[in-house]
Amino acid sequence: MLIAQLTDLHIGAGRRLAYRKVDTATALERAVARVNAMVPRPDMVVFTGDIGDLGTADEYALVKDILRGLTVPFYMIPGNHDQRGPLRAAFPEAMPVTEGMDYINYVLDAGPIRLIGLDSLDEGRPAGMLCCDRLDWLERTLNDGDNRPCVLFVHHPPVEVGIRHMDEQRLLTGAQTLAQIVSARKERIQAILCGHVHRPIHTRWAGVPLIVGPSIAHQVALDLREDGPSAFAMEPPAMHLHRWDEEQQCLLTHMAYVEHYDGPYPFFDKNGKLIV
């Protein structure tokens, strides 16, 4: 099972540049082409939030048009830049929620594992929230008798990463209860996948790996000063590839750049000798 995680698209209506600088629509087109060209091709793509920049129907219409070229199934959860109503209206099949549910929480059957999407959007606010209803749903889902390994994916990371302006808008409400739920099932939960920070970050939280994906467009500047300003950098766009290894019973995460770079070159010549 190979899962491509794309995050923080920030698509603007009319192909508007994000922050008057970033061509996010072209960035998404390039990411789609990269996924389609991979060998082996991912079994699915998971988008971990900030699909649009303002969360409008026009933005999602543009995303939908670009994603027509994606040749593998895809699924989404909202980020703080999204709005639930327009997002669900545009991509109902990408968010298979139970009928009548207010939040975009759902489970994907990924063969040997389960993927559990959590909606951390607190509409109108940049910080994340997991209310009692969403956390109760998660606990019921984890107790439904399916004991396969599972992976959670949620937009807001629940940890401070050292980038002050992003830490102020991490998952704030519900993080402590989420930690209790995860810690009690750390043998089954293989990882928590997040977006939001626009940087590849790896740590351990509540006893499980927590993996933050890079953006397919712009990255948040790596500034660990206490008074570091809110800023971004045009570092290489990238995605995470999560590979479930059934034999080893573990999730392996690789970072793949969207853009093409020179290579690959062989280490050995045609006679099998190391090239020096």
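Trainee: Is serine 230 buried or exposed?

Mentor: Start with the share of a residue's surface that a probe can touch. Buried means under 20% relative accessible area, exposed over 50%, and partly exposed in between, using a 1.4 Å probe and protein chains only. Serine 230 has 60% relative accessibility, so it counts as exposed. Keep in mind that this is a predicted model, where local features need pLDDT of at least 70, side-chain atom pairs count only at pLDDT 80 or more, and totals for chains, interfaces and linings use all residues. Numbering starts from 1 along each chain as its sequence is written, and side-chain values use heavy atoms, with hydrogens and water left out.

Trainee: Where is the place of serine 230?

Mentor: Look in the loop between strand E12 (219-220) and strand E13 (232-233). Helices (H or I, at least four residues) and strands (E, at least two) are DSSP runs, numbered from the N terminus.

Trainee: Which side chain does serine 230 join in a polar contact?

Mentor: A polar contact is a pair of N or O atoms within 3.5 Å; within protein, one must be able to donate a hydrogen and the other to accept it, and residues adjacent in sequence count only if both atoms are side-chain atoms. Here the side chain of serine 230 has one of 3.3 Å with that of histidine 165.

Trainee: How much space lies in the largest pocket?

Mentor: Rolling a probe the size of a water molecule over the atoms shows where empty space is left. On a 1 Å grid over the protein atoms alone, a pocket is an open set of points where a 1.4 Å probe fits, with protein on both sides within 12 Å along at least five of seven lines; lining residues have an atom within 4 Å of a point. Grid points are joined across faces, edges and corners, and the volume is the space filled by probe spheres set on them. The largest pocket holds about 270 Å³. It is lined by 16 residues, and those closest to its centre are Tyr19, His165, Met166, Val220 and Ser230.

Trainee: Which residues of strand E4 are on its covered face?

Mentor: In a regular strand the side chains alternate between the two faces of the sheet. In E4 (residues 106-110), Tyr106, Leu108 and Ala110 make up the covered face, while Val107 and Asp109 are on the uncovered one.

Trainee: How do E4 and strand E5 pair?

Mentor: Two strands pair if DSSP finds at least two bridges between them. E4 and E5 (residues 113-118) are antiparallel, with five bridges, and leucine 108 faces leucine 115 in E5. Two residues separate the strands of this hairpin, and glycine 111 in the turn has a positive phi of about 70°.

Trainee: What about strand E11?

Mentor: E11 (residues 208-212) is largely enclosed by the rest of the structure, because four of its five residues are buried. Strand E9 (residues 189-194) runs parallel to E11 and is joined to it by three bridges, with isoleucine 192 opposite leucine 210. Strand E10 (residues 201-205) pairs with E11 in the antiparallel sense over five bridges; there, threonine 203 has leucine 210 as its bridge partner. Between E10 and E11 the hairpin has two residues, and alanine 206 takes a positive phi near 55°.

Trainee: Is histidine 156 buried or exposed?

Mentor: Histidine 156 is buried, at a relative accessible area of 0%. You will find it in the loop between strand E7 (150-154) and helix H5 (164-167). Its side chain makes a polar contact of 2.7 Å with that of serine 120, and also reaches the backbone nitrogen of glycine 128 at 3.4 Å.
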